[in-house]
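Here are a few friendly notes to go with the structure you asked about. Keep the viewer open as you read, and take the points in any order you like.

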Amino acid sequence: MNTKNVIQVEGLTKMFGDFTAVNSLTFNVGKGEIFGFLGANGAGKTTAMKMLIGISTPTSGKAYVAGFNVFTQAEDIKKNIGYMSQKFALYDDLTVKENITFFGGIYGLSRKIIKEKSAVLITELGLEKVANTFVGSLPIGWKQKLSFSVSLLHDPTIVFLDEPTGGVDPITRRQFWEMIYKAANQGTTVFVTTHYMDEAEYCDRVSIMVNGKIEALDTPKKLKEQFSTNTINDVFLKLARG
Amino acid sequence: MRISVSHISKSYKQVKALHDISFEVKPNEIFGLIGPDGAGKTTLFRILTTLLFPDKGNATVADFDVITEYKQIRNSVGYMPGKFSLYQDLTVEENLTFFATIFGTTIEENYDLIKDIYIQIAPFKDRRAGKLSGGMKQKLALCCALIHKPKVLFLDEPTTGVDPVSRKEFWEMLKRLQQKNITILVSTPYMDEASLCDRIALIQDGKILEIDTPEAIVNQYPKQIYNIRANKMYQLIQYVKAYEFNHSVYPFGTYVHYTDRRPDFNPEDLKRYLASKNIFDVEIKKTEATIEDTFMELARK
């Protein structure tokens, strides 16, 4: 396989009985790329993402993530990716520090490294004053930024973000995207789903899924040219409404 | 029917959820509460639908007082909470019949009002509500909130987590309901939906930042915004943020929205500064403020 592509997918398909949830996806995502994965509710995004993060076996096709085969090396994939769910997944009744230590431990980092990373992360996020506060009592924007940083603790090749900014205020949303830019700038590949169409325009490339298939994939600029629209929202509406 | 909110405050232990909120929704208006999670939107909905007492202040809905006349309010309003609150193990039709019965009416009696919406989920009327897709759940919840022909409709984040196509359809439904003389109070975290309301209140941390028509809110933005673009986005943001004259720097899709502190800002100065940082392919153009720009400017203060 091509080593420059962090995700390499060919004919990836998932069937549930007679229903084809994901229909022959083919695409690549490069190192350090910010890739937007869009689609209507029920288009198959979640199913596709589950296959890529190694928790659902495809029915057919090929897929490599971070160099590992989704069919045979799902456990290696899990170790080498970061994942941030749309539902807040840190432990509300652990403190900021405890959460970092816990997730660092899960990913097999040494105590020494966890300590170092923890200090850097807390300073960078400006969480010094709440480092020993239960995460449950933090504002949602802080929680989301913390979750993102925790998903990067083990320096994964690629991080999957499932609607990371839902309900977050506009200023924090932008701080969040700056964090994404920073991670990408350092070489981490970012695979992100969102319902905010303006956020799709932050991505290097965007794919739009309709009924299990990728119906469009290009840079935001080229997609807008291709569909003669001014926004990705209008591209989306043209595609999904038919 | 109008909604009138006067100096409402509400705290949960130490947390001030609402702080001295006042506004008025005119009869037959679509009024939007625009703000992020934790702004206090749901608390306000619960007070206005008589499910929660305010600590201070008073409010009327359809001219009934939220504390002393709660029963009349409950009969005259429809409420669609943010969390899906129908019975998951009843079918689509059973849910609708249930809500109609509770309010002493029938589906047939007010079918006109829900027809446009119900038609879209009618093919699934024997499916359990729990088994519906997000978009269909939302349509069923709206039908259930409308079945007793309310005068005022409360919609708490009806489009959160919903894709752009369903969101657009939902707003088209609201416009049609407005023509049937229903006053609508709707909340959303999506700033782009603000322009679909007649008037909006921007709300954050329990306080109202501004109330006006969407056009007027955008027009009051105090500065000229510039769209800046370059190939190296991350570096561009870092350097523009470090520029000594910057007033605000926010990524906006493929651009950065920039405002300058000086009244006589010349984009060429910024270009020269960026060139000194090895960023050359820079494009700087004037652009119009959006609701989101205004929200962020107000929230900074």
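How many helices and strands make up the secondary structure of chain B?

1. Chain B as a whole. This is a predicted model, and in it the secondary structure of chain B comes to 10 helices and 14 strands. Along the principal axes, the C-alpha atoms of chain B fill a box of roughly 75 × 45 × 35 Å. Chain B has 301 residues, and 52% of them count as buried. If you take the contacts in chain B with a separation of 6 or more, 68% come from residues 24 or more positions apart.

2. Helices H3 and H4 of chain B. When two helices pack, the angle between their axes and the distance between the axes describe the arrangement. For H3(B), residues 92–102, and H4(B), residues 111–121, the axes come within 11 Å and cross at roughly 155°. That angle is over 145 degrees, so H3(B) is roughly antiparallel to H4(B). The crossing of this pair, H3(B) and H4(B), is right-handed. On the H3(B) side you will find B:Val92, B:Glu93 and B:Leu96, which meet B:Ile114, B:Tyr118 and B:Ile121 of H4(B). Sorted by class, the contact of H3(B) with H4(B) has 5 nonpolar, no polar and 1 charged residues.

3. Helices H3 and H5 of chain B. H3(B) also packs with H5(B), residues 134–146: their axes come within 8 Å and cross at roughly 20°. An angle under 35 degrees counts as roughly parallel, so H3(B) runs roughly parallel to H5(B). H3(B) passes H5(B) in a right-handed crossing. From H3(B), the residues B:Val92, B:Asn95, B:Leu96 and B:Phe99 meet B:Leu140, B:Cys143 and B:Cys144 of H5(B). The class count for H3(B) with H5(B) is 6 nonpolar, 1 polar and no charged residues. Do look at B:Val92 and B:Leu96 in the viewer: they meet residues of H4(B), and they meet residues of H5(B) too.

4. A threonine in a loop. B:Thr50 lies in the loop between helix H1 (41–48) and strand S4 (56–61) of chain B. Is B:Thr50 buried or exposed? Its relative accessibility is 9%, so B:Thr50 counts as buried. The side chain of B:Thr50 makes a polar contact of 2.7 Å with the side chain of B:Arg74. Beyond four places in sequence, B:Thr50 touches B:Val66, B:Tyr70, B:Ile73 and B:Arg74.

5. A:Glu201 sits in the loop between helix H7 (197–200) and strand S9 (205–210) of chain A. At 11% relative accessibility, A:Glu201 counts as buried because the cut-off is under 20%. Its side chain and that of A:Lys224 are joined by a polar contact of 2.7 Å. Leaving aside residues within four places in sequence, A:Glu201 is in contact with A:Pro220, A:Lys224, A:Thr231 and A:Ile232, and also with B:Gly253 and B:Thr254.

6. A phenylalanine in a strand. A:Phe37 belongs to strand S3 (residues 34–39) of chain A. With a relative accessible area of 0%, A:Phe37 is buried. The C-alpha atoms of A:Phe37 and A:Ile208 are separated by 6.4 Å, although these residues are 171 residues apart along the chain. Not counting residues up to four places away in sequence, A:Phe37 touches several others, among them A:Leu25, A:Phe27, A:Phe191, A:Val192, A:Met209 and A:Ile214.

Notes
Residues numbered from 1 in each chain as written. Chains lettered and ligands numbered in written order. Predicted model: local features only at pLDDT ≥ 70, side-chain atom pairs only at ≥ 80, totals over all residues. Heavy atoms only, no water. Axes fitted to C-alpha atoms, helices over the stretch in contact; angles between N-to-C directions. Helix = DSSP H or I, 4+ residues; strand = E, 2+ residues; numbered from the N terminus. Parallel < 35°, antiparallel > 145°, perpendicular 65-115°, else oblique. Left-handed = near helix turned anticlockwise from the far one by under 90°. Contact = heavy atoms within 4.5 Å. Nonpolar A, V, L, I, M, F, W, Y, C, P; charged D, E, K, R; others polar. Buried < 20%, exposed > 50% of the residue type's maximum accessible area, 1.4 Å probe, protein only. Polar contact = N/O pair within 3.5 Å; in protein donor to acceptor, adjacent residues only side chain to side chain.
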